[in-house]
Amino acid sequence: MTDLSNQAGQASLPQFVQLTLEGMDAEKFLQGQLTCDVTKLGLSYQAAAIGNLKGRIEFGIWIKKQAEQHFDIVISADCADALQAHLKKFGAFSKFETSTPIAIYPCVLDELPTFSHNEAHDTVENIQAWMQASLAQGNYWIVAATQGEFQPQELRLHQRGGMDYDKGCYLGQEVIARIYFKSAPKAFLHYVSGTGNTPVAGEHLGKIQVVNAIATGADNESDFKALIVARPEHLIDSKLVILDLPTALQADVARPK
């Protein structure tokens, strides 16, 4: 895997791995873990999450159904060990096997951010293109620094098909459902641009929290774009400029009345 450290001493560019769950209990087990409805998965990657008991995202993943009882999961490389420990703990009495994580490379295909096993995509330029496309599409990625920081609705996961409110219980479901049916997040995902040093994942800019960011200035330091979680009134008081997300992600995060 290419060394993806930034020249200016900033955090490394994101790296991802894929692991496979396969076995007679794979679908049943994942259905009790993930925010999405596993029975509806296909061959395209679906953003989803595994929550904790507080209803916050412990593992942000992309998942697809490769074959019957065979699922591929992509996750940030720095979260892979924790995910494996989680699967071992909660899947101790389920019949499935988990593969050793292998590198997978972020890339942009047909103008959409996705992943590839083609090593030709393992370049700084390709990963930066994936980051830029991901920010514009609201395709956030959870890293070790942001595990347990965000509630799924705050990140608009329900507007991307990554949550199902009718499929039954999963980790954190009670809290997540209560927020959906009885209230709404006061802070939620926005796409913004800003000036100054590029913030890192999880950093607070006053009352605004950064999910992901990338430097965009000519000197790679003076300007940035980011996905952030913020209350609208706090954004108004900031120097950040709100950019358009895709139409589906500009809707109200509350449950439709």
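In the predicted model, a polar atom of the Q153 side chain lies 3.0 Å from the backbone oxygen of V253, where a polar contact is a pair of N or O atoms within 3.5 Å, one able to donate a hydrogen and the other to accept it within protein, and residues adjacent in sequence count only if both atoms are side-chain atoms. Q153 is found in the loop between α3 (124–137) and α4 (173–182); helices (H or I, at least four residues) and strands (E, at least two) are DSSP runs numbered from the N terminus. The relative accessible area of Q153 is 0%, and the residue is buried; buried means under 20%, exposed over 50% and partly exposed in between, with a 1.4 Å probe and protein chains only. Leaving aside residues up to four places away in sequence, Q153 touches H158, M163, Y165, I176, I179, Y180, P185 and V253, a contact being heavy atoms within 4.5 Å.

Residues are numbered from 1 along each chain as its sequence is written, and side-chain values use heavy atoms, with hydrogens and water left out. As this is a predicted model, local features need pLDDT of at least 70 and side-chain atom pairs count only at pLDDT 80 or more, whereas totals for chains, interfaces and linings use all residues. The chain has a mean pLDDT of 92, with 94% of its residues at 70 or more; pLDDT is the predictor's confidence in each residue, from 0 to 100. Over residues 5–11 the pLDDT is below 50, and this stretch has seven contacts in the model beyond near neighbours in sequence. Where pLDDT is low, the predicted coordinates should not be read in detail.

E154 is buried at a relative accessible area of 14% and forms a salt bridge with R56, with the closest N and O atoms 3.8 Å apart; a salt bridge is a side-chain nitrogen of Lys or Arg within 4 Å of a carboxyl oxygen of Asp or Glu. R56 is partly exposed, at 29% relative accessibility. R156, which is not a glycine, has a positive phi of about 60° and is buried at 5%.

The structure holds five salt bridges. One of them joins the side chains of E27 and K65 (3.6 Å, N to O). E27 belongs to helix α1 (residues 26–31) and K65 to strand β3 (residues 57–67), 38 residues apart. K65 also forms a salt bridge with E68, at 3.5 Å between the closest N and O atoms. K65 counts as buried at 16% relative accessibility, whereas E68 is exposed at 60%. Shared partners join E27, K65 and E68 into one network of salt bridges.

Five strands form an open sheet with antiparallel pairing, in the order β9-β10-β11-β8-β12; two strands pair if DSSP finds at least two bridges between them. The edge strands, β9 (204–205) and β12 (241–243), each pair on one side only. Strands β10 (residues 208–215) and β11 (residues 223–230) run antiparallel and are joined by six bridges, and A213 stands opposite A226 in β11. Helix α3 lies across β8 (188–195), β10 and β11, running at about 140° to β10; axes are lines fitted to C-alpha atoms, for helices over the stretch in contact, and angles run from 0 to 180 degrees between N-to-C directions.
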